[in-house]
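The following briefing is meant to be read beside the sequence and the coordinates. It opens with the terms and the basis of the model, and then takes the topics one by one.

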Amino acid sequence: MFADNFIVSENTCAKQATEFKVALNQLDSVHWEFAFANGTLVATKTGISTKYTFVNPGKYNIKATIYSGNYSQILTNVIQVEALPNFT
């Protein structure tokens, strides 16, 4: 069993690509689901690492189903996507 903090995200600003990866080795594949805080599915992706661009700031649920051999596990995380800084 793995802890949920194995989902790593970088650059969590709206309108910019956020990179996601699972901080574990020897994975065969990962199925990603991105959803609004209310559970409404926004997108799905497949890959050990992936990128997704959130249109709006807010909280999002991230779900990664990891596969290794005959084993699978669901990891979850909630991220806060921030608005792009306004440098004027």
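In this briefing a residue is called buried if its relative accessible area is under 20%, exposed if that area is over 50%, and partly exposed in between, with a 1.4 Å probe and protein chains only. The model is a predicted one, in which local features need pLDDT of at least 70 and side-chain atom pairs count only at pLDDT 80 or more, whereas totals for chains, interfaces and linings use all residues. Residues are numbered from 1 along each chain as its sequence is written, and side-chain values use heavy atoms, with hydrogens and water left out.

**Overall architecture**

- The protein chain has 7 strands and 0 helices, where helices (H or I, at least four residues) and strands (E, at least two) are DSSP runs numbered from the N terminus.
- Read from the N terminus on, the elements follow the order β-β-β-β-β-β-β.
- The radius of gyration, taken over C-alpha atoms, is 13 Å for the protein chain, close to the 12 Å that the globule rule gives for 88 residues, so the chain is as compact as a globular protein of that length; the rule itself is 2.2 Å times the number of residues to the power 0.38.
- Along the principal axes, the C-alpha atoms of the protein chain fill a box of roughly 50 × 25 × 20 Å.
- Of the 88 residues of the protein chain, 31% count as buried.
- With contact meaning heavy atoms within 4.5 Å, 52% of the contacts between residues at least 6 apart in sequence join residues at least 24 apart.

**The sheet of 4 strands**

- An open sheet with antiparallel pairing has the strand order β4-β3-β6-β7, two strands being paired if DSSP finds at least two bridges between them.
- Its edge strands are β4 (41-46) and β7 (71-81), each of which pairs on one side only.
- From one strand to the next the twist averages 15°, the axes being lines fitted to C-alpha atoms and the angles running from 0 to 180 degrees between N-to-C directions.
- Strand β3 (residues 29-36) runs antiparallel to β4 and is joined to it by 5 bridges; A35 has L41 of β4 as its bridge partner, and W32 stands opposite K45 in β4.
- β3 and β4 form a hairpin with 4 residues between them, and G39 in the turn has a positive phi of about 100°.
- Q73, which lies in strand β7, counts as buried because its relative accessibility is 15%, and its side chain is joined to that of Y71 by a polar contact of 2.4 Å. A polar contact is a pair of N or O atoms within 3.5 Å; within protein, one must be able to donate a hydrogen and the other to accept it, and residues adjacent in sequence count only if both atoms are side-chain atoms.

**The sheet of 3 strands**

- A further open sheet is formed by 3 strands in the order β1-β2-β5, again with antiparallel pairing.
- β1 (7-10) and β5 (49-53) stand at the edges with a single partner strand each, so one side of each is left without a neighbour in the sheet.
- Neighbouring strands of this sheet are turned against each other by 25° on average, direction ignored.
- The antiparallel pairing of β1 and β2 extends over 4 bridges, and E10 stands opposite E19 in β2.

- Residues up to four places away in sequence not being counted, I62 touches I7, F20, W32, E33, F34, F54, L75, T76, N77 and I79.

**Loop residues with positive phi**

- Most residues other than glycine have a negative phi.
- N11, in the loop between β1 and β2, has a positive phi near 65° and counts as partly exposed at 36% relative accessibility.
- Q26, in the loop between β2 and β3, has a positive phi near 60° and counts as exposed at 72% relative accessibility.
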